[in-house]
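Please keep the sequence at hand as you go through the points.

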Amino acid sequence: MSALDAVRARQSWSEVTEQAPTREELLPLVAAAGRVADHSFLQPWRLIELRGADRERLGAAIAKAQGDKKPSTKPLRASLLIAVVASFRKSDKVPHWEQEAVASGVAHTLSLLLDEAGWGVIWRTGSHTRTKPLRKAHGLKKNEELLGWLYVGGKPEGKTPGRRKPIDAESMLTRMPESG
């Protein structure tokens with residue numbers, strides 16, 4: 001499958017089965033995803049693999065962040081969650097926004113690779129993503145920000161992915177004004 005075909009075929013799967021890729025299956029995909037454009041090759045990102053009880057601890061952290069008494073069950077919607085972390089590096093040339101864009105690019109590329117490998121994926125965030133309880137639960141350092149999680153699992157038989165509206169490329173690709 002070409003890169004163009006993979007991108008055109010990608011869909012978000014809000015429901016997935018309990019099946020998930022193993023760590024060994026993930027490693028080559030992560031290595032490939034890390035090939036995104038990265039000014040000065042700072043590698044300003046890392047991924048955290050959450051399985052089993054990790055997801056329950058995440059549910060408790062979400063509840064704490066939201067002031068709820070019961071742990072959130074949202075992390076239990078997939079047997080594998082991959083937390084996406086921007087790990088900012090000191091640089092005079094590469095601003096934080098660009099480093100966060102690299103981390104986002106890794107996450108998106110990884111979601112494409114997982115989809116192409118037959119896995120259902122959706123990137124989830126929320127108002128609690130950058131709260132203190134979630135920072136602590138993920139063991140983030142001062143120079144890091146949580147960008148969300150890729151929920152990964154099998155594609156359920158008989159289900160269809162989330163629907164996407166077609167992109168109006170003509171209106172999205174503009175030209176720079178001649179005067180300004």
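**Notes on the salt bridges**

1. In this predicted model, Arg 23 has a relative accessibility of 45% and therefore counts as partly exposed. The partner of Arg 23 in a salt bridge is Glu 49, and the closest N and O atoms of the two are 2.5 Å apart. This pair links distant parts of the chain, since Arg 23 belongs to helix α2 (residues 23–33) while Glu 49 belongs to strand β1 (residues 45–51), 26 residues apart. Glu 49, at 25% relative accessibility, is likewise partly exposed.

2. A salt bridge also joins Asp 54 and Arg 57, with 2.4 Å between the closest N and O atoms. Both residues sit in helix α3 (residues 53–66), where they are three residues apart, or about one turn of the helix. Arg 57 is exposed, because its relative accessible area of 52% is over the 50% cut-off, whereas Asp 54 is partly exposed at 24%.

3. Asp 115 and Lys 155 meet through their side chains in a salt bridge of 3.3 Å, N to O. Asp 115 is in helix α4 (residues 96–116) and Lys 155 is in the loop between β4 (144–154) and α6 (169–172), so the pair ties together parts that are 40 residues apart in sequence. Asp 115 counts as buried, with a relative accessibility of 9%, while Lys 155, at 31%, counts as partly exposed.

Note on methods. Residues are numbered from 1 along each chain as its sequence is written. This is a predicted model: local features need pLDDT of at least 70, side-chain atom pairs count only at pLDDT 80 or more; totals for chains, interfaces and linings use all residues. Side-chain values use heavy atoms; hydrogens and water are left out. A salt bridge is a side-chain nitrogen of Lys or Arg within 4 Å of a carboxyl oxygen of Asp or Glu. Helices (H or I, at least four residues) and strands (E, at least two) are DSSP runs, numbered from the N terminus. Buried means under 20% relative accessible area, exposed over 50%, partly exposed in between (1.4 Å probe, protein chains only).
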